[in-house]
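Please look over the helix packing and the loops of this model. A short report is wanted, with the values set out for a computational reader.

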Amino acid sequence: GTVYFAIALLILVIVSFGIFKKPGLGLVPFLVMAYGDGLAAVIGKLIKSKKYKLGETKKSFAGSLTMFIISTLLIGAYLAFNLGTTFWLGTHWPVVALLAGFAVTALEAVSGKGWDNITVPIATLALLILLV
């Protein structure tokens, strides 16, 4: 998992600083992984909630809720601050942020052990590129 995160970070830097020249584009996926997934693990262990299993991964509802909230807030903040760069988002950005937060959380839930360290940031990056 640690190696995947380093690879994902390299991709985020190349895409955000090199290709698009928008540092925020790489920052948000990094924060989603660092804070969303990191706090999901901590909160998931702190708060005793029901667990569920998808494939070979076992997750807690509290951890997944934490991932969803943090992902949605970070993606929503990025969309809100970049409304001027897109014409279609308009007043719908909160709904789009909720859907994107759900998608990232679902991907984190189904990613096998350690794979979420690359799938979550890269998928978040792809979503932001498509949305803005």
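The report below takes the helices and then the loops.

This is a predicted model, in which local features need pLDDT of at least 70, side-chain atom pairs count only at pLDDT 80 or more, and totals for chains, interfaces and linings use all residues. Residues are numbered from 1 along each chain as its sequence is written, and side-chain values use heavy atoms, with hydrogens and water left out.

**Helix α1**

Helices here are DSSP runs (H or I, at least four residues), numbered from the N terminus. Helix α1 covers residues 2–19 and helix α5 covers residues 116–131. Each can be checked against its expected span, which is 1.5 Å times one less than its number of residues. With 18 residues, α1 should span 26 Å. Its end C-alpha atoms are 25 Å apart, which agrees.

In α1, the residues Ala8, Leu12, Val15 and Ser16 are buried. Seen down the axis of α1, its buried residues fall within an arc of 85°, so they line one face of the helix. That arc is taken from the directions from the helix axis to the C-beta atoms. An α-helix has 3.6 residues a turn, so residues three or four places apart point the same way.

The face of α1 turned away from the buried side carries Thr2, Val3, Leu10 and Phe17, which are exposed. The cover over the buried residues of α1 includes α2 (23–46) and α5.

**α1 against α5**

Two packed helices are described by the angle between their axes and the distance between the axes. For α1 and α5, the angle is about 20° and the axes are 7 Å apart. That makes α1 roughly parallel to α5. Axes are lines fitted to C-alpha atoms, for helices over the stretch in contact, and angles run from 0 to 180 degrees between N-to-C directions. Angles under 35 degrees count as roughly parallel, over 145 as roughly antiparallel, 65 to 115 as roughly perpendicular and the rest as oblique.

Contact means heavy atoms within 4.5 Å. On the α1 side, the meeting residues are Thr2, Tyr4, Phe5, Ile7, Ala8, Ile11, Leu12 and Val15. On the α5 side, they are Asn117, Ile118, Pro121, Ile122, Leu125 and Ile129. The residues of this contact divide into twelve nonpolar, two polar and no charged. Here Ala, Val, Leu, Ile, Met, Phe, Trp, Tyr, Cys and Pro count as nonpolar, Asp, Glu, Lys and Arg as charged, and the others, Gly among them, as polar.

**Helix α5**

With 16 residues, α5 should span 22 Å. Its end C-alpha atoms are 21 Å apart, which agrees. The buried residues of α5 include Asp116, Asn117, Thr124 and Leu131. The buried set of α5 packs against α1, α2, α3 and α4.

Phe20 sits in the loop between α1 and α2. Phe20 is partly exposed, at 37% relative accessible area. Leaving aside neighbours within four places in sequence, Phe20 is in contact with Val15, Leu25 and Ile129.

Lys21 is also placed in the loop between α1 and α2. Lys21 has a positive phi of about 55° although it is not a glycine. At 61% relative accessible area, Lys21 is exposed.

Ser71 belongs to helix α3. At 0% relative accessibility, Ser71 counts as buried. Ala77 lies in helix α3, and it is partly exposed at 33%.

Helix α3 spans 61–81 and helix α4 spans 93–110, and Gly90 is in the loop between them. Gly90 is partly exposed, at 35%. Leu83 lies in the loop between α3 and α4, and Leu83 is partly exposed at 28%. Leaving aside neighbours within four places in sequence, Leu83 is in contact with Leu89, Gly90 and Trp93.

**C-alpha separations**

| Pair | Apart in sequence | C-alpha to C-alpha |
|---|---|---|
| Phe20 and Ile129 | 109 residues | 9.4 Å |
| Ala77 and Ala97 | 20 residues | 8.6 Å |
| Leu83 and Trp93 | ten residues | 8.2 Å |
| Gly90 and Ala80 | ten residues | 9.2 Å |

Key
Helices (H or I, at least four residues) and strands (E, at least two) are DSSP runs, numbered from the N terminus. Buried means under 20% relative accessible area, exposed over 50%, partly exposed in between (1.4 Å probe, protein chains only).
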